[in-house]
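Hi,

Here is the structure I promised you. Have a look at it first, then read my notes below.

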Amino acid sequence: MSAPEMNESGFQKDDTIKQEERIEIPSILPVLPLPDVVTYPYTIIPLLVTTERGISAVDQALSESRMVLLVTQRDQEGDTPMSKDMYDIGTVGAVIRMLKLPEQKVRVLVQGIARAKVQSWEDQRPYIQAHIKVLEEVTRDISGVQLEALMRNVSSALEKVAALGKNISQEVMVIAANLDDPGRLADLVASNLSLKIEEAQEILSILDPSKRLKRIHELLAREVELLEVQQQINTQAKDEIDKGQKEFFLRQQLKAIQTELGEGNELSEDIRNYIKKADEAKMPKEAREEFDRQVRRLERMVPDMAETATVRTYLDWMVVLPWSFQTKDNLNLRKAKKILNEDHHGLDKIKERIIEHLAVRKLKQDSKGPILCFVGPPGTGKTSLGKSIARALGRSFVRLSLGGVHDEAEVRGHRRTYVGAMPGRILQGLHQAKSRNPVFMMDEVDKLGADFRGDPSSALLEVLDPEQNNSFRDNYLGVSFDLSNVLFITTANVLDTIHPAFRDRMEIIFLSGYTEEEKIAIAGRHILPKQLEAHGLTGKDLIMPDPMFRTIIRGYTREAGLRNLEREVATICRKVVMKFAIGRRKPVVLTEAKIKSYLGPSRNMPEERLRHDQVGIATGLAWTPVGGEVLFVEAQAMNGKGSLILTGQMGDIMKESAHAALSYARAHSREYRIADEFFAMHDFHIHIPEGAIPKDGPSAGVTLATALISACTGRPVHKSIAMTGEITLRGDVLPVGGVKEKILAAHRGKIRTVMIPRQNQKDLYEIPKQLRKEVEVILIDRVTDVLRRALA
């Protein structure tokens, strides 16, 4: 079949005879699937065929009638379409020309002939074959005037689309103006509009020419609206460009005027420096937009204005913050562990947690930093541990003390409307660290204040929440800063005073006090070398054997931590330095006599067990913010009327425990061979020595009961046994806290047997192995278990 003479639109120039009248269309045709185009009758379209089934269909058409059914695929992504993937209405087309290309591709030129509907499919062949029915156009009753008006509207809309910038050739416009067939006009317009596949297929499926033309008119109206909006956007963009050129011209004039007046040179130089530093800082988009806005404000200001200094200060802060710079983590786990062991003795749980964090960072570079909270008595190395962690990670270290902070602006910064406004302490710390991923230590979070100026702990909720701190907004900056790479570490002595929501965001790690052996090891490895260096001495000038550390610890310090020990070692170093300053040449070997000479007589009453078993005196264990303490409870029965006297600054909870102990003793009097009238004829006085110190808590319950029953029965309490636990009226012993600290206190007091509630057995894994060997721990369930072992 030779190709007819065509115009640019794809329509024949001689279109007075309908093709279906002069061409017989077979009822069975090979199918050529089209992935992204819909063809219409009376159009010629070039197609690139790349699938095997498509090429087979073209070959079959050329070997028979040269006709093929052009059907659009529903799924445009399918490489091997099946009949179920295609629409059931398509266009019968004649293959006019074929050109074989490399790589199994074929380019064909196809001319649309008529609409056709698929009756059935055959997928078994190398190509898809369809049984078709040619569709005739159905014209419903519509007046000629209405049809003429509709055609004019479509032609007019097409002209408007072309005028608004749509790429439609002039020849198409001429043909559209001269067509008197509504169906062919609709097909012509549809083939030249950028329609979606679904919309183009809808046009192909409409057999009524007038109805098809109405749908085309709707699509043209939408296209006109879109093109008008697009033109409006282009106009606005052009206006913005013209405005920018105008501003540039005016700024150049202003610059020339300022140069003539001798003004602006310094300001211009500063602005150039700000922009250069901002480029180097690599700010995020939001921060850079705010920076540019403030720079534009500064350009319009007179240098002598007061507000100029405010804007300059703001820009100074913006360019010095570490927006993008961060240090590289040391991911060598063995090296990090070695550094942690060099700096601190023990503290295995914390060291293990840091190594775990490094291991995660090694596998996932963008992991968020943990929020750790070290809780323990003073002097246990919480702050120095933060420095050691920073050194192990290879990061900068920043410390912020929160003790006494009561203004929210200290954390979030002041708004720029205030005189002397500055960023908050968080961003100041990052500026000090010069990196966006330092180890940031917040000391004393349990001592935060709150008043009418705000609650700093509430402001810290955002800082210490890994899900929120990637967009921390400081009041001064007014833009978000990413804190997710910062390793936050907080410290506290107690948890009770920390806000519950604040506490919930942190991973709590407890640091208990040190054992005597641990203190001796730390003193020899860390404290003594540090003090020798601080006082200009060497290891040869002062020799301090381990037993001397033990003497200092027992006689001159009484603490869970190491601060007093370090002070006493420093005092000894000063005394030795004074001897060398007046002419001594021989090294000083420390002895007990010299310790007494340098430090004076022993200042601490030894926290030892009782000298002998006594009636009415039991040894208890208590927890304090500075570690564990040995507590002696005294009970005395005397003639009276059954009253209970409590002295020694007992708190309400401890008083309730004393009443519970008395009630238990009265209820079980026969079990312990106490006469029934004994309680009615005697008063009972319970006293805890060191009356100036307030005492409270439930853990003295078993001690109170033991001392009271000992006083009632006259049976002495074993001097070598200490105990802790809360009691009930039924005689059960309930679990308590601070077990490790209490056992450490017993060890310091040379008590070798400690009774604790059985439910506290889980806390024993925190006790060092050496301590477990030296102190026998007995688990108890009831008061009877305590009395059976404690009463002689």
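Is arginine 782 buried, partly exposed or exposed? Arginine 782 is partly exposed, with a relative accessible area of 30%. (Buried means under 20% relative accessible area, exposed over 50%, partly exposed in between, with a 1.4 Å probe and protein chains only.)

Some background. This is a predicted model: local features need pLDDT of at least 70, side-chain atom pairs count only at pLDDT 80 or more, and totals for chains, interfaces and linings use all residues. Residues are numbered from 1 along each chain as its sequence is written, and side-chain values use heavy atoms, with hydrogens and water left out.

Now the salt bridges. The structure holds 32 of them. (A salt bridge is a side-chain nitrogen of Lys or Arg within 4 Å of a carboxyl oxygen of Asp or Glu.)

- Arginine 782 pairs with aspartate 732, with the closest N and O atoms 2.6 Å apart. The two residues sit in loops, 50 residues apart.
- Aspartate 781 meets arginine 758 at 2.9 Å, N to O. This pair ties together parts that are 23 residues apart in sequence, because each residue lies in its own loop: aspartate 781 between S24 and H26, arginine 758 between S23 and H25. (Helices, H or I with at least four residues, and strands, E with at least two, are DSSP runs, numbered from the N terminus.)
- Aspartate 270 bonds to arginine 312 in a salt bridge, with the closest N and O atoms 2.5 Å apart. Aspartate 270 lies in helix H8 and arginine 312 in helix H10, so parts 42 residues apart in sequence are tied together. Aspartate 270 is buried, at 18%. Arginine 312 is partly exposed, at 21%.

Best wishes
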